[in-house]
Amino acid sequence: MEYGKLIVNVLTGGGTLAVEDAAITVFERKTNDISIVADVFSGSDGASPEISLEAPPREDSLNEGLSDKPFSLYIIQVIKDGYYSVTGNGVAIFSGITSIQQINLIPKASGGLELPISGITYDETPNYDL
């Protein structure tokens, strides 16, 4: 197995303000099992440290007959007090590539009025029908 890297940029205000000390958890799903592969915090610039993640060999992307996808899929969850949590499903990691994933947190209202949701989930899973 080879490795790709992931940097998570945690922002708010439409992507204009960095969010420091957000908890970033990366999960790997294998068959029916989900496990934590990284647990880090965003820095003062909103960026996580580089996270090294397993990915299939780069050569696999050149093999048309390959039944497996030439990348690994991960789940990213970002949590910070005062903001709605965000979960990204299907974040692709390629061998030898540093992927940058931007997460935009939405602040919770300070007046007690909150959205009737616990968090936000989005799906990054690549569409093979393109």
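Two strands are taken to pair if DSSP finds at least two bridges between them, the strands themselves (E, at least two residues) and helices (H or I, at least four) being DSSP runs numbered from the N terminus. The structure is a predicted model, in which local features need pLDDT of at least 70 and side-chain atom pairs count only at pLDDT 80 or more, whereas totals for chains, interfaces and linings use all residues. Residues are numbered from 1 along each chain as its sequence is written, and side-chain values use heavy atoms, with hydrogens and water left out.

The protein contains zero helices and nine strands. Of its 130 residues, 33% count as buried, where buried means under 20% relative accessible area, exposed over 50% and partly exposed in between, for a 1.4 Å probe and protein chains only.

Five of the strands make up an open sheet with mixed pairing and the order β4-β3-β6-β7-β9. Its edge strands are β4 and β9 (119–123), each of which pairs on one side only. Neighbouring strands of this sheet are turned by 25 degrees against each other on average, direction ignored, the axes being lines fitted to C-alpha atoms (for helices over the stretch in contact) and angles running from 0 to 180 degrees between N-to-C directions.

Within the sheet, β3 pairs with β6 (residues 72–79) in the antiparallel sense over six bridges, and Thr25 stands opposite Gln77 in β6. β3 also pairs with β4 (residues 33–41), again in the antiparallel sense, over eight bridges; here Val26 stands opposite Ala38 in β4, and Glu28 faces Ser35 in β4. β3 and β4 form a hairpin with two residues between them, and Thr31 in the turn has a positive phi of about 55 degrees. Most residues other than glycine have a negative phi. A positive value, near 65 degrees, is also found for Asp21, which is placed in the loop between β2 (17–18) and β3 (23–30) and is partly exposed, with a relative accessible area of 46%.

A search of the whole structure finds one aromatic pair, for which rings of Phe, Tyr and Trp (its six-membered ring) must have centres within 6.5 Å, planes under 30 degrees apart counting as stacked, over 60 as edge-to-face and the rest as tilted. The pair is formed by Phe71 and Phe94 and is tilted, at 5.2 Å centre to centre and 50 degrees between the planes. Because Phe71 lies in the loop between β5 (51–55) and β6, and Phe94 in the loop between β7 (85–93) and β8 (98–104), the pair ties together parts that are 23 residues apart in sequence. Phe71 counts as buried at 7% relative accessibility, whereas Phe94, at 34%, counts as partly exposed. Elsewhere, Lys108 lies over the face of Tyr84, at 5.6 Å from the ring centre; the criterion is NZ of Lys or CZ of Arg within 6 Å of the ring centre and within 35 degrees of the ring normal.

The largest pocket holds about 230 Å³ of space. A pocket is here an open set of points on a 1 Å grid over the protein atoms alone, where a 1.4 Å probe fits, with protein on both sides within 12 Å along at least five of seven lines, and lining residues have an atom within 4 Å of a point; its volume is the space filled by probe spheres set on the points, which are joined across faces, edges and corners. Of the 13 residues that line the largest pocket, the closest to its centre are Met1, Pro56, Lys69, Phe71 and Ser72. β3 and β6 each supply at least two residues of this lining.
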